[in-house]
Amino acid sequence: MFEIKKLKGNTYYFEAFSNVGIYTHDGVSAVLVDACDHPRMVKAIDRQMNGMGLTVGTVIDTHCHIDHICGNRFFQDKYGCKLLSTKKEQGFIAFPSLESDFYYSAVDTKNSRHPFLNTEPSDTEVITEENIPEGTEIISLPGHSFDMVGVITDDSVAFLADSVLSKKTWDEYRLPFFYDVNNSITTLEKLKDIRADIYVPSHDVPTDSIAELADYNIEKLKEKKELIFDICEGKGFDRIFEEAMIKENLHLRTEKYAMYATMVRNLLHSLVVDGRIGVVLDNNRLIYEIK
Ligand SMILES: [Fe+2]
(Lines give C-alpha, C1' and ligand atoms only; values in the text may rest on other atoms or scores of the structure.)
Protein backbone atom coordinates (compact mmCIF):
# COMPACT_ATOMS: atom_id res chain seq x y z
CA MET A 1 0.00 0.00 0.00
CA PHE A 2 0.93 3.64 -0.56
CA GLU A 3 3.29 2.98 -3.41
CA ILE A 4 3.33 3.42 -7.16
CA LYS A 5 2.87 0.17 -9.05
CA LYS A 6 3.21 -0.43 -12.76
CA LEU A 7 0.06 -1.63 -14.55
CA LYS A 8 1.00 -1.73 -18.23
CA GLY A 9 3.23 0.26 -20.61
CA ASN A 10 3.31 3.84 -19.37
CA THR A 11 0.37 3.45 -17.01
CA TYR A 12 0.80 3.11 -13.25
CA TYR A 13 -1.28 3.61 -10.16
CA PHE A 14 -0.64 4.77 -6.63
CA GLU A 15 -2.22 2.19 -4.38
CA ALA A 16 -4.04 3.88 -1.50
CA PHE A 17 -7.47 4.20 0.10
CA SER A 18 -8.35 6.14 -3.07
CA ASN A 19 -6.20 4.81 -5.91
CA VAL A 20 -4.60 7.42 -8.17
CA GLY A 21 -4.02 6.70 -11.86
CA ILE A 22 -0.70 7.79 -13.37
CA TYR A 23 -0.03 7.94 -17.09
CA THR A 24 2.90 9.47 -18.91
CA HIS A 25 3.04 9.98 -22.65
CA ASP A 26 6.59 11.31 -22.78
CA GLY A 27 8.22 9.84 -19.65
CA VAL A 28 8.62 13.32 -18.13
CA SER A 29 5.18 14.76 -17.47
CA ALA A 30 2.36 12.73 -15.90
CA VAL A 31 -1.41 12.81 -16.05
CA LEU A 32 -2.94 11.97 -12.70
CA VAL A 33 -6.40 10.47 -12.48
CA ASP A 34 -7.56 12.00 -9.19
CA ALA A 35 -5.41 13.63 -6.54
CA CYS A 36 -5.38 11.50 -3.37
CA ASP A 37 -7.47 11.23 -0.26
CA HIS A 38 -5.13 12.77 2.31
CA PRO A 39 -2.29 15.34 2.42
CA ARG A 40 0.13 12.60 3.58
CA MET A 41 -0.71 10.58 0.46
CA VAL A 42 -0.16 13.66 -1.73
CA LYS A 43 3.38 14.03 -0.37
CA ALA A 44 4.05 10.29 -0.78
CA ILE A 45 2.93 10.06 -4.41
CA ASP A 46 4.80 13.27 -5.28
CA ARG A 47 8.04 11.97 -3.75
CA GLN A 48 7.73 8.63 -5.55
CA MET A 49 6.91 10.27 -8.91
CA ASN A 50 9.94 12.55 -8.57
CA GLY A 51 12.00 9.40 -7.95
CA MET A 52 10.76 8.15 -11.34
CA GLY A 53 11.71 11.47 -12.97
CA LEU A 54 8.08 12.54 -13.35
CA THR A 55 6.38 15.87 -12.76
CA VAL A 56 2.62 16.52 -12.96
CA GLY A 57 1.23 18.05 -16.16
CA THR A 58 -2.50 17.45 -15.67
CA VAL A 59 -4.81 16.22 -12.93
CA ILE A 60 -8.14 14.82 -14.08
CA ASP A 61 -10.62 14.93 -11.20
CA THR A 62 -13.07 12.10 -11.80
CA HIS A 63 -15.52 13.75 -9.38
CA CYS A 64 -15.66 16.24 -6.55
CA HIS A 65 -15.60 13.99 -3.48
CA ILE A 66 -12.91 15.01 -1.05
CA ASP A 67 -11.09 11.68 -1.16
CA HIS A 68 -10.32 12.35 -4.85
CA ILE A 69 -9.29 16.01 -4.87
CA CYS A 70 -7.09 16.47 -1.82
CA GLY A 71 -3.90 17.22 -3.78
CA ASN A 72 -5.36 19.56 -6.41
CA ARG A 73 -3.95 22.73 -4.90
CA PHE A 74 -0.61 21.16 -3.97
CA PHE A 75 0.04 19.91 -7.53
CA GLN A 76 -1.13 23.14 -9.12
CA ASP A 77 1.02 25.26 -6.78
CA LYS A 78 4.10 23.06 -7.25
CA TYR A 79 3.90 22.31 -10.99
CA GLY A 80 1.46 24.90 -12.38
CA CYS A 81 -0.40 21.92 -13.80
CA LYS A 82 -3.83 21.89 -15.39
CA LEU A 83 -6.79 20.62 -13.35
CA LEU A 84 -9.67 19.14 -15.35
CA SER A 85 -13.21 18.15 -14.38
CA THR A 86 -16.72 18.15 -15.77
CA LYS A 87 -18.73 21.34 -15.33
CA LYS A 88 -21.12 19.85 -12.78
CA GLU A 89 -18.26 18.64 -10.57
CA GLN A 90 -16.39 21.94 -11.00
CA GLY A 91 -18.59 23.93 -8.59
CA PHE A 92 -18.05 21.67 -5.60
CA ILE A 93 -14.29 21.48 -6.32
CA ALA A 94 -14.09 25.28 -6.39
CA PHE A 95 -16.21 25.58 -3.22
CA PRO A 96 -15.71 22.42 -1.12
CA SER A 97 -17.97 23.80 1.61
CA LEU A 98 -20.88 23.29 -0.80
CA GLU A 99 -20.40 19.58 -0.26
CA SER A 100 -20.88 19.95 3.47
CA ASP A 101 -23.95 22.15 2.83
CA PHE A 102 -25.32 19.49 0.47
CA TYR A 103 -25.07 16.60 2.93
CA TYR A 104 -25.22 18.28 6.30
CA SER A 105 -28.18 20.63 6.14
CA ALA A 106 -29.39 21.26 9.73
CA VAL A 107 -26.46 19.32 11.23
CA ASP A 108 -23.58 21.20 12.87
CA THR A 109 -20.58 21.11 10.54
CA LYS A 110 -18.26 23.15 12.76
CA ASN A 111 -16.90 19.92 14.17
CA SER A 112 -13.14 19.83 13.52
CA ARG A 113 -13.35 16.12 12.63
CA HIS A 114 -15.52 17.06 9.71
CA PRO A 115 -13.40 16.21 6.63
CA PHE A 116 -14.88 18.83 4.30
CA LEU A 117 -13.40 21.60 6.44
CA ASN A 118 -9.91 20.45 5.51
CA THR A 119 -10.20 20.59 1.72
CA GLU A 120 -8.60 23.49 -0.10
CA PRO A 121 -10.58 25.03 -2.97
CA SER A 122 -9.14 24.70 -6.47
CA ASP A 123 -10.15 25.86 -9.95
CA THR A 124 -10.57 23.28 -12.68
CA GLU A 125 -10.97 23.73 -16.42
CA VAL A 126 -13.99 22.00 -17.90
CA ILE A 127 -13.03 18.91 -19.91
CA THR A 128 -13.38 19.47 -23.67
CA GLU A 129 -12.28 17.60 -26.79
CA GLU A 130 -9.36 20.05 -27.04
CA ASN A 131 -7.84 19.76 -23.54
CA ILE A 132 -7.97 15.99 -23.01
CA PRO A 133 -4.34 14.91 -22.47
CA GLU A 134 -2.68 13.00 -25.30
CA GLY A 135 -2.98 9.24 -24.91
CA THR A 136 -6.09 9.38 -22.73
CA GLU A 137 -9.81 9.00 -23.37
CA ILE A 138 -12.54 10.31 -21.08
CA ILE A 139 -15.58 8.13 -20.37
CA SER A 140 -18.77 9.42 -18.81
CA LEU A 141 -19.76 7.54 -15.63
CA PRO A 142 -22.68 9.45 -14.07
CA GLY A 143 -24.50 8.15 -11.00
CA HIS A 144 -22.21 7.95 -7.97
CA SER A 145 -21.63 11.71 -8.28
CA PHE A 146 -23.20 14.49 -10.38
CA ASP A 147 -21.25 13.95 -13.60
CA MET A 148 -18.37 11.62 -12.83
CA VAL A 149 -15.88 10.50 -15.47
CA GLY A 150 -13.36 7.71 -15.88
CA VAL A 151 -10.18 7.64 -17.95
CA ILE A 152 -8.85 5.02 -20.39
CA THR A 153 -5.17 5.28 -21.29
CA ASP A 154 -3.74 4.14 -24.61
CA ASP A 155 -2.21 1.21 -22.70
CA SER A 156 -5.80 -0.10 -22.44
CA VAL A 157 -6.05 0.64 -18.72
CA ALA A 158 -9.46 1.94 -17.57
CA PHE A 159 -9.68 3.99 -14.36
CA LEU A 160 -13.30 3.65 -13.25
CA ALA A 161 -13.47 6.05 -10.28
CA ASP A 162 -16.30 5.17 -7.85
CA SER A 163 -18.68 3.75 -10.45
CA VAL A 164 -18.03 0.30 -9.05
CA LEU A 165 -17.31 -0.40 -5.37
CA SER A 166 -15.52 -3.36 -3.82
CA LYS A 167 -17.36 -6.16 -2.04
CA LYS A 168 -15.47 -5.13 1.10
CA THR A 169 -16.86 -1.58 0.81
CA TRP A 170 -20.41 -2.94 0.52
CA ASP A 171 -19.85 -5.23 3.54
CA GLU A 172 -18.40 -2.44 5.63
CA TYR A 173 -20.66 0.50 4.72
CA ARG A 174 -23.86 -1.45 3.96
CA LEU A 175 -25.38 1.63 2.26
CA PRO A 176 -22.47 3.33 0.46
CA PHE A 177 -23.21 6.62 -1.25
CA PHE A 178 -24.63 6.88 -4.78
CA TYR A 179 -26.07 10.24 -5.79
CA ASP A 180 -28.39 8.94 -8.54
CA VAL A 181 -29.12 5.26 -7.95
CA ASN A 182 -30.88 4.52 -11.26
CA ASN A 183 -28.20 6.29 -13.27
CA SER A 184 -25.57 4.35 -11.33
CA ILE A 185 -27.18 1.08 -12.42
CA THR A 186 -27.19 2.26 -16.05
CA THR A 187 -23.50 3.18 -15.76
CA LEU A 188 -22.68 -0.21 -14.20
CA GLU A 189 -24.38 -1.94 -17.14
CA LYS A 190 -22.27 0.22 -19.46
CA LEU A 191 -19.05 -0.76 -17.66
CA LYS A 192 -19.52 -4.32 -18.88
CA ASP A 193 -19.17 -3.08 -22.48
CA ILE A 194 -15.96 -1.12 -21.88
CA ARG A 195 -13.09 -3.05 -23.43
CA ALA A 196 -9.80 -2.70 -21.56
CA ASP A 197 -6.97 -4.99 -20.50
CA ILE A 198 -6.98 -3.69 -16.91
CA TYR A 199 -9.77 -2.02 -14.91
CA VAL A 200 -8.95 0.07 -11.84
CA PRO A 201 -11.75 1.00 -9.43
CA SER A 202 -10.79 3.79 -7.01
CA HIS A 203 -11.39 1.64 -3.95
CA ASP A 204 -10.47 -1.85 -5.06
CA VAL A 205 -7.59 -3.78 -6.61
CA PRO A 206 -6.99 -3.66 -10.38
CA THR A 207 -8.61 -6.50 -12.31
CA ASP A 208 -8.61 -7.86 -15.87
CA SER A 209 -12.38 -8.42 -15.77
CA ILE A 210 -15.00 -6.03 -14.42
CA ALA A 211 -18.29 -7.73 -15.35
CA GLU A 212 -18.64 -9.80 -12.19
CA LEU A 213 -18.01 -6.85 -9.86
CA ALA A 214 -20.32 -4.62 -11.93
CA ASP A 215 -23.07 -7.24 -11.62
CA TYR A 216 -22.46 -7.48 -7.87
CA ASN A 217 -22.90 -3.69 -7.55
CA ILE A 218 -26.08 -3.77 -9.67
CA GLU A 219 -27.47 -6.57 -7.50
CA LYS A 220 -26.60 -4.65 -4.32
CA LEU A 221 -28.19 -1.40 -5.49
CA LYS A 222 -31.36 -3.26 -6.51
CA GLU A 223 -31.37 -5.07 -3.15
CA LYS A 224 -31.13 -1.73 -1.28
CA LYS A 225 -33.99 -0.31 -3.36
CA GLU A 226 -36.15 -3.28 -2.38
CA LEU A 227 -35.19 -2.86 1.27
CA ILE A 228 -36.49 0.72 1.21
CA PHE A 229 -39.55 -0.22 -0.87
CA ASP A 230 -40.51 -2.92 1.67
CA ILE A 231 -40.46 -0.57 4.67
CA CYS A 232 -41.68 2.77 3.27
CA GLU A 233 -45.46 2.33 3.02
CA GLY A 234 -47.36 5.00 4.97
CA LYS A 235 -44.26 6.35 6.71
CA GLY A 236 -42.30 9.59 6.89
CA PHE A 237 -38.56 9.85 6.29
CA ASP A 238 -37.34 9.57 9.89
CA ARG A 239 -39.24 6.33 10.49
CA ILE A 240 -38.02 4.85 7.18
CA PHE A 241 -34.44 5.86 7.99
CA GLU A 242 -34.59 4.38 11.48
CA GLU A 243 -35.96 1.07 10.17
CA ALA A 244 -33.38 0.95 7.37
CA MET A 245 -30.56 1.38 9.92
CA ILE A 246 -32.02 -1.41 12.07
CA LYS A 247 -32.25 -3.73 9.05
CA GLU A 248 -28.64 -2.96 8.10
CA ASN A 249 -27.48 -3.21 11.74
CA LEU A 250 -25.94 0.27 11.54
CA HIS A 251 -25.34 2.44 14.62
CA LEU A 252 -24.21 5.81 13.32
CA ARG A 253 -22.14 8.56 14.87
CA THR A 254 -23.31 12.12 14.14
CA GLU A 255 -20.72 12.79 11.44
CA LYS A 256 -21.86 9.72 9.51
CA TYR A 257 -25.60 10.45 9.80
CA ALA A 258 -25.92 12.91 6.93
CA MET A 259 -24.21 10.71 4.35
CA TYR A 260 -26.49 7.77 5.17
CA ALA A 261 -29.58 9.98 5.36
CA THR A 262 -28.76 11.33 1.89
CA MET A 263 -28.35 7.79 0.55
CA VAL A 264 -31.72 6.70 1.95
CA ARG A 265 -33.32 9.77 0.35
CA ASN A 266 -31.56 8.89 -2.93
CA LEU A 267 -33.00 5.36 -2.77
CA LEU A 268 -36.47 6.77 -2.11
CA HIS A 269 -35.99 9.15 -5.02
CA SER A 270 -35.08 6.27 -7.35
CA LEU A 271 -38.34 4.51 -6.43
CA VAL A 272 -40.31 7.73 -7.04
CA VAL A 273 -38.65 8.06 -10.47
CA ASP A 274 -39.54 4.42 -11.18
CA GLY A 275 -43.18 5.28 -10.41
CA ARG A 276 -43.33 2.55 -7.75
CA ILE A 277 -43.94 4.95 -4.85
CA GLY A 278 -45.36 8.43 -4.47
CA VAL A 279 -45.67 11.05 -1.76
CA VAL A 280 -48.59 12.72 -0.01
CA LEU A 281 -48.54 15.56 2.49
CA ASP A 282 -50.44 14.71 5.65
CA ASN A 283 -50.61 17.68 8.05
CA ASN A 284 -47.28 18.90 6.70
CA ARG A 285 -45.73 15.44 7.06
CA LEU A 286 -44.36 13.94 3.84
CA ILE A 287 -45.55 10.34 3.67
CA TYR A 288 -44.39 7.73 1.18
CA GLU A 289 -46.98 5.42 -0.39
CA ILE A 290 -46.69 2.41 -2.65
CA LYS A 291 -48.55 3.01 -5.92
FE1 LIG B 1 -16.89 9.29 -4.47
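**Close-up views of a predicted model**

View 1. Strand β4 (residues 29-33) is largely enclosed by the rest of the structure, because 4 of its 5 residues are buried. Here, "buried" takes 20 or more other C-beta atoms within 10 Å of a residue's own, "exposed" takes 12 or fewer, "partly exposed" is anything in between, and C-beta atoms are placed from the backbone. Strands are DSSP runs of E with at least two residues, helices are runs of H or I with at least four, and both are numbered from the N terminus.

This is a predicted model, where local features need pLDDT of at least 70, side-chain atom pairs count only at pLDDT 80 or more, and totals for chains, interfaces and linings use all residues. Residue numbers start from 1 along each chain as its sequence is written.

On one side, β4 runs antiparallel to strand β3 (residues 20-24), joined by 4 bridges; strands pair if DSSP finds at least two bridges between them. Thr-24 has Ala-30 of β4 as its bridge partner. A hairpin is what β3 and β4 make, with 4 residues between them, and Gly-27 in the turn shows a positive phi of about 80 degrees. With strand β5 (residues 55-60), β4 runs parallel through 5 bridges. Here Ala-30 sits opposite Val-56 of β5.

**View 2. Helices α7 and α8 side by side.** The axes of α7 (residues 181-191) and α8 (residues 211-232) come within 9 Å and cross at roughly 160 degrees. Those axes are lines fitted to C-alpha atoms over the stretch in contact, with angles from 0 to 180 degrees between N-to-C directions.

Which residues of α7 and α8 make the contact? From α7 come Val-181, Ser-184, Ile-185, Leu-188, Glu-189 and Leu-191, and from α8 come Ala-214, Asn-217, Ile-218, Leu-221 and Lys-225. Being in contact takes C-beta atoms, placed from the backbone, within 7 Å.

View 3. Most residues other than glycine have a negative phi, and most peptide bonds are trans. Ala-161 is not a glycine, yet has a positive phi of about 50 degrees. Ala-161 belongs to strand β10 (residues 157-161) and counts as buried, with 29 C-beta neighbours inside 10 Å. Asn-283, also not a glycine, has a positive phi of about 50 degrees. Asn-283 lies in the loop between β12 (277-282) and β13 (285-290) and is exposed, with 5 other C-beta atoms within 10 Å.

Key. Two residues are in contact if their C-beta atoms, placed from the backbone, lie within 7 Å.
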